[in-house]
Amino acid sequence: MPRALITGITGQDGLYLAELLLGKGYEVFGLIRGQNNPKIDLVRQIVPRVTLLNGDLTDVSSLVRVLSIAQPDEVYNLGAISFVAYSWENASMTSDVTGKGVLNILEATRLYAGEDISKVRFYQASSSEMFGKVQDVPQRETTLLWPRSPYGVAKVFGHYMTINYRESYGLHASSGILFNHESPRRGPEFVTRKVSQAVARIKLGVQSELTLGNLDAKRDWGFAGDYVDAMWRMLQQPEGGDFVVATGETHSIRELINVAFGAVGIEDWRPFVKQDPRFMRPAEVDLLIGDPSKARDVLGWEPLVGFEELVTMMVENDVVEQTILAR
């Protein structure tokens, strides 16, 4: 039975990845920071067969201890402070967790492997936010990185550190440069879930309007459940590498709003949507669209869920959730 350790087990990616690995017969361990983590119950509800271990990405010694207990064949580092807007409010903590935390888990993995570096494979969750002020359209693995947020800068550090461990120590290490991926498990602070929840509440008459920032920003949105499959496929390759994981399509916030309101039968959403400068980024990333050719050709991976299906899935889920809450 193969064994895997997932950091960031409480996030949408961690939950979908755990489900995938359990379905493939893995024994799965999840890293939890703090015994009072409010999402522990969620993890136990969705993936009860995962063994939870207490550790902290900012503490190398705790990571070494966790690895010695889990004895993983594969390490998936999904842990991060991942809300881009928050990274401006607390750039230092974002740098410590999202950036230096990668170095810590890489070093702990190297120490765990010892002289047999081939006994473990490592996945790093890189991000399309690393491209920032995009230098190529679409963006691919060779595109110059130009991050436009503290989060993006921290992800660049972790990305290059992963490459460095691969080249310096021979660690089977891969970075998945994942473009925006969403699901009904997405946190409410992210724009897609903010929209889907608000649309559900407006449909049910418990909310009157939705306030957003830049409606013209464009993103390459896919389904998180599809993207975790690409993560697993990377670690099954003969050698580690870097892979853009994306749909190759781009959609604006306006399109997102249009599909979301359409899912509940509201054709004209303009009376319900307001713009507020407070929700504008200090340095906006206007157009992100990935070229997933390498992932398709090398990994045999393709996204299965399209944009409209994804948005509709999220809205329908939130209509059910909000209906229950309104009772």
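Which residue lies over the face of Trp232? Lys24 does, at 3.9 Å from the ring centre. A charge sits over a ring if NZ of Lys or CZ of Arg is within 6 Å of the ring centre and within 35 degrees of the ring normal. This is a predicted model: local features need pLDDT of at least 70, side-chain atom pairs count only at pLDDT 80 or more, and totals for chains, interfaces and linings use all residues. Residues are numbered from 1 along each chain as its sequence is written, and side-chain values use heavy atoms, without hydrogens and water.

**View 1. Helix α8 is largely enclosed by the rest of the structure.** Nine of its eleven residues (224–234) are buried, including Tyr227, Met231 and Trp232. Buried means under 20% relative accessible area, exposed over 50%, partly exposed in between (1.4 Å probe, protein chains only). Helices (H or I, at least four residues) and strands (E, at least two) are DSSP runs, numbered from the N terminus.

**View 2. Tyr76 and Tyr123 form a tilted aromatic pair.** Their centres are 6.1 Å apart, with 45° between the planes. Rings of Phe, Tyr and Trp (its six-membered ring) pair if their centres lie within 6.5 Å; planes under 30 degrees apart count as stacked, over 60 as edge-to-face and the rest as tilted. Tyr76 lies in strand β4 and Tyr123 in strand β5, so the pair ties together parts 47 residues apart in sequence. Both tyrosines are buried.

**View 3. Tyr165 and Tyr169 form a tilted pair.** Their ring centres are 4.9 Å apart, with the planes at 55°. Tyr165 is buried at 5% relative accessible area; Tyr169 is partly exposed at 38%. The charged end of Arg110 sits over the Tyr169 ring, 4.8 Å from its centre.
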